[in-house]
Amino acid sequence: MAELGSKGVTAGKIASNVQKKLTRAQEKVLQKLGKADETKDEQFEQCVQNFNKQLSEGTRLQKDLRTYLASVKAMHEASKKLTECLQEVYEPDWPGRDDTNKIAENNDLLWTDFHQKLVDQALLTMDTYLGQFPDIKSRIAKRGRKLVDYDSARHHFEALQTAKKKDETKIAKAEEELVKAQKVFEEMNVDLQEELPSLWNSRVGFYVNTFQSIAGLEENFHKEMSKLNQNLHDVLLGLDKQYSGNAFPVKAQPRKKTKLFARLRKKMSSDSTPAKANKSPSPPPDGSPITSPETKTVNHELEPSTLEAPGASIPKSPSQPAEAAHAGAEAAASEAAAGAEASKTEADSGSSSLPAVVVETFPATVNGTVEGGASSERADMPPGFLFKVQAMHDYTATDSDELQLKAGDVVLVIPFENPEEQDEGWLMGVKESDWIQHKELDQCRGVFPENFTERVQ
């Protein structure tokens with residue numbers, strides 16, 4: 001019998017709850033359709049909005065704090081690995097080994113203490129703060145349901161009162177239900193009306209305490225860590241003084257050993273063969289100078305009228321590249337040298353009717369335009385000149401296509417003939433001193449590591 005009674009009570013309660021849900025649903029539909037009025041409390045609605053905002057901000061703060069703690073733990077592990085590495089590479093006979101071991105131990109303890117205090121003073125406080133929100137959120141939702149019950153009971157009571165055929169028994173029962181619903185709703189409403197504003201105002205103090213705790217813990221942690229770092233710096237400084245003769249060398253980035261200069265060396269070899277067969281002529285008996293075809297003279301002080309000298313054939317069109325102008329100057333010099341050779345031959349044969357050989361010089365040109373003074377600086381640079389760099393460290397060439405550098409050497413950077421042959425971290429250039437002396441790229445240019453230099457122009 002007791003089981004039946006219990007089942008009966010349970011079944012009756014379930015039926016009552018189902019009926020309440022149906023009544024609430026019907027009431028909400030009527031309110032949305034505007035066929036039933038709804039009790040409004042704008043002040044309470046504002047409190048609910050503040051509550052939802054506060055919950056959202058707190059949840060985000062909790063998430064970010066957990067991320068921060070995870071980062072601290074990761075930094076602890078990384079720092080521990082680093083100090084362990086230092087302990088392993090620190091050889092037993094080096095001074096300060098015991099000190100480095102002690103510093104590593106204190107470093108680990110400091111990280112552990114920092115993480116634990118963050119958990120105790122920030123994360124746990126954060127969890128406690130957010131722990132009150134679920135219950136309040138549930139009570140707000142329950143208040144909303146009780147408000148619907150109250151509105152439904154009120155509308156039912158008003159309908160019975162305005163009916164043409166009144167039933168006093170039903171009216172009395174409806175009034176009793178209305179009073180009961182109103183009492184339940186108002187009790188919950190009053191509690192929340194007092195609790196929500198108080199909770200909203202508490203956020204300021206909570207944020208202040210939380211971030212003050214984090215800031216204070218960080219300040220102490222970094223202060224203590226700074227002392228450990230200074231101690232480690234002093235220990236390593238003592239090690240450096242004892243082994244100061246072993247300087248750390250600056251190394252170039254590895255090259256792929258491209259075949260960049262294989263073609264150039266082959267070309268240079270073939271070009272030098274006929275040159276060796278063609279010996280320089282002997283000086284004339286009278287001791288007058290002979291200008292060889294290889295001689296190139298650049299005189300920036302000549303006036304443009306010098307170009308009118310016999311044999312001068314220099315392009316003047318601005319559209320021509322500097323290389324063409326340079327080639328014209330070389331051709332003119334060659335012609336003058338050929339004339340000198342012819343004069344020598346005539347002099348040897350006893351003829352004195354030929355005029356003396358005139359050795360001509362030509363000003364530098366850029367795009368066919370004569371340059372002089374400060375504006376001629378660019379024309380003096382090798383073809384395709386990009387910029388200047390200065391060697392900061394000595395570099396010993398390890399291959400025939402590399403430049404040997406001394407600290408302070410100035411290098412004129414030029415482009416690679418084939419960009420695909422350029423290795424990462426390497427530049428092509430010619431030392432400024434070599435270029436000024438020889439004006440030859442094939443013999444002087446080479447590659448060099450960029451990290452041994454710095455740009456100066």
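Okay, hi everyone. Before anything else, keep in mind that what we have here is a predicted model.

Lys21, Lys28, Lys32, Lys142 and Arg145 together make up a positive patch. Two elements each give two or more residues to that patch, namely α1, running 2-32, and α4, running 133-162. Which of them gives the largest share? That would be α1, with three residues. Lys32 counts as exposed because its relative accessible area is 76%, and the cut-off for exposed is over 50%.

Now, salt bridges. As a reminder, side chains of opposite charge can pair when their charged atoms come close. Searching the whole structure turns up eleven salt bridges, and I'll go through a few.

Next, over in helix α4, we have Arg154 and Glu158. Their side chains meet in a salt bridge, at 3.8 Å from N to O. Again the spacing is about one helical turn, because the two are four residues apart in α4. The accessibilities are worth a look here: Arg154 has 13% relative accessibility and so counts as buried, whereas Glu158, at 35%, counts as partly exposed.

What about a pair that links distant parts of the chain? For that, pick Glu417 and Arg445. They form a salt bridge with the closest N and O atoms 3.1 Å apart. Glu417 is in the loop between β4 (410-414) and β5 (426-431), Arg445 is in the loop between α8 (432-438) and β6 (446-449), and the two are 28 residues apart. Arg445 has a relative accessible area of 12%, so it is buried.

And there's a network as well: Asp135, Arg139 and Glu195 are joined into one by salt bridges that share partners.

How do the rings of Tyr129 and Phe133 sit relative to each other? Their centres are 5.5 Å apart and their planes are at 70 degrees, so this pair is edge-to-face. Both residues are buried: Tyr129 has a relative accessible area of 5%, and Phe133 is at 1%. These two also belong to an aromatic cluster, whose members are Phe51, Tyr129, Phe133, Phe206 and Tyr207.

Last stop, Met392. You'll find Met392 in the loop between β3, which covers 387-391, and β4. With a relative accessible area of 40%, Met392 is partly exposed. And how far is Met392 from Val410? In sequence they are 18 residues apart, and in space the C-alpha to C-alpha distance is 9.8 Å.

That's my tour. Thanks, happy to take questions.

Conventions:
Residues numbered from 1 in each chain as written. Predicted model: local features only at pLDDT ≥ 70, side-chain atom pairs only at ≥ 80, totals over all residues. Heavy atoms only, no water. Patch = residues over 30% accessible without salt bridge, like charges linked within 9 Å, V, L, I, M, F, W, Y side chains within 5 Å. Areas by Shrake-Rupley, 256 points an atom, 1.4 Å probe, with all protein chains shown as cover. Salt bridge = Lys/Arg side-chain N within 4 Å of Asp/Glu carboxyl O. Lys, Arg positive; Asp, Glu negative; His and termini not counted. Charge placed at Lys NZ, Arg CZ, Asp CG, Glu CD. Buried < 20%, exposed > 50% of the residue type's maximum accessible area, 1.4 Å probe, protein only. Phe/Tyr/Trp six-rings, centres within 6.5 Å; stacked < 30°, edge-to-face > 60°.
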